[in-house]
Amino acid sequence: MYLKVLFFVLLNSLSVYSQAASSVESLNVQHAERLVILAPHPDDETLSAAGLAHRVLEKGGSVRSVVVTAGDAYVEAIQHDLGKKRLAPIDFLRYGKERLDESRHAANLLGKGSIKLDLLGFPDGSIYPMLISHWNNSNPDKSEFTGFSHIPYIEAEDRGHAQDGKFLREELVKILKEMKPTLIAFPDVMENDSDHAGLGMFALLAINDWFEQTHKLPSVEPRLLTYLIHWKNDYPSGANSQIPVDLSNKPLFLPDELSLRHHIQTCFNLNVLEKHLKRATLEKYQSQQRAMGNFLMAFVRRNECFTRLNEKDTQNIENIVRHWQQTRKKFDANPISRQYVLMDNLKLKNYE
Ligand SMILES: [Zn+2]
């Protein structure tokens, strides 16, 4: 969750990100909706859309939650948990397993067993490198933490598969084809975290593939909802509080500085039970509660807000990614490294 990339610069090429006045609409859930939530790490699906998921189930719909990575490279948290600076691959693997288990428990609580959960088990920090540099199984991304270039977790359904971008894209398309969602929630490409922003791009690619392969739009055009977890340090308000603060009666709108382009901000209002369940579901993520409990709790609000995209916004993403890949090739002698960025950004001088 730490790697910061220059998406602000790169996204200048995205025409959808032109500045425009924004408005807020209320997000209503119809009978028997089908919701797909795409999460880069275990807990993002709950932070972004737990209330929405619960309402969809209450109204006779179905929910599929796709957790792409195991979140196994949260170096600071593992160091803190284990009380040591030098970490071995087994430490990262154990942490990843713990987080995947937490996802299972969280989904079971929120959906009383009716949420379909896909734990893909890719390595933490792999999404952006897979988007830019690792597109096929002969050149998979190798985790600099676990040391694996294939998915190692028994808990992951794709265990043993090479960690490459083509595979992730195809997995997402397969899920969309199976679910035929009426609602898709996924990270905004403007997120200030490489896994989040990278998954936002993969989501746009996969949604476009699905539209193309089903001969343009399916009979019911899905609502495309992007969420925001990581932004500037003071977002969301209360995240940096030293003591737990109950913000559940306060709204959390998308930040003013976030370019809302010509899109609409759409917010879902949680009832009392949904807020309670969201908090209880987040408590299942004990590893994250230990590391950043106040950050998690700052998302338990009376609403969940998204930017609503439309079908046009999924087009031309392929060309943008190709452009990024070409640019990246110039730096192939210096592979993308989460570890070095971590050390640089967080001044973890003692790590290694
Ligand atoms: Zn995350």
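Strands β3 (residues 62-69) and β4 run parallel and are joined by 5 bridges; pairing requires at least two DSSP bridges between two strands. Within this pair, V66 stands opposite D118 of β4. Strand β4 (residues 116-122) is largely enclosed by the rest of the structure, because 5 of its 7 residues are buried. A buried residue has 20 or more other C-beta atoms within 10 Å of its own, C-beta atoms being placed from the backbone. Strands are DSSP runs of E of at least two residues, helices runs of H or I of at least four, numbered from the N terminus.

The model is predicted; local features need pLDDT of at least 70, side-chain atom pairs count only at pLDDT 80 or more, and totals for chains, interfaces and linings use all residues. Residues are numbered from 1 along each chain as its sequence is written.

The axes of helices α7 (residues 194-213) and α10 (residues 317-329) come within 9 Å and cross at roughly 135°. Axes are lines fitted to C-alpha atoms over the stretch in contact, with angles from 0 to 180 degrees between N-to-C directions. M201, L204, L205 and N208 of α7 meet I317, E318 and V321 of α10. Contact means C-beta atoms within 7 Å, placed from the backbone.

H263 lies in the loop between β6 (223-227) and β7 (264-269). H263 counts as buried, with 20 C-beta neighbours inside 10 Å. Beyond its neighbours within four places in sequence, H263 contacts T307, R308 and L309. H263 and R308 are 45 residues apart in sequence, yet their C-alpha atoms are 6.1 Å apart.

Note on methods:
Contact = placed C-beta atoms within 7 Å. Buried ≥ 20, exposed ≤ 12 C-beta atoms within 10 Å, placed from the backbone.
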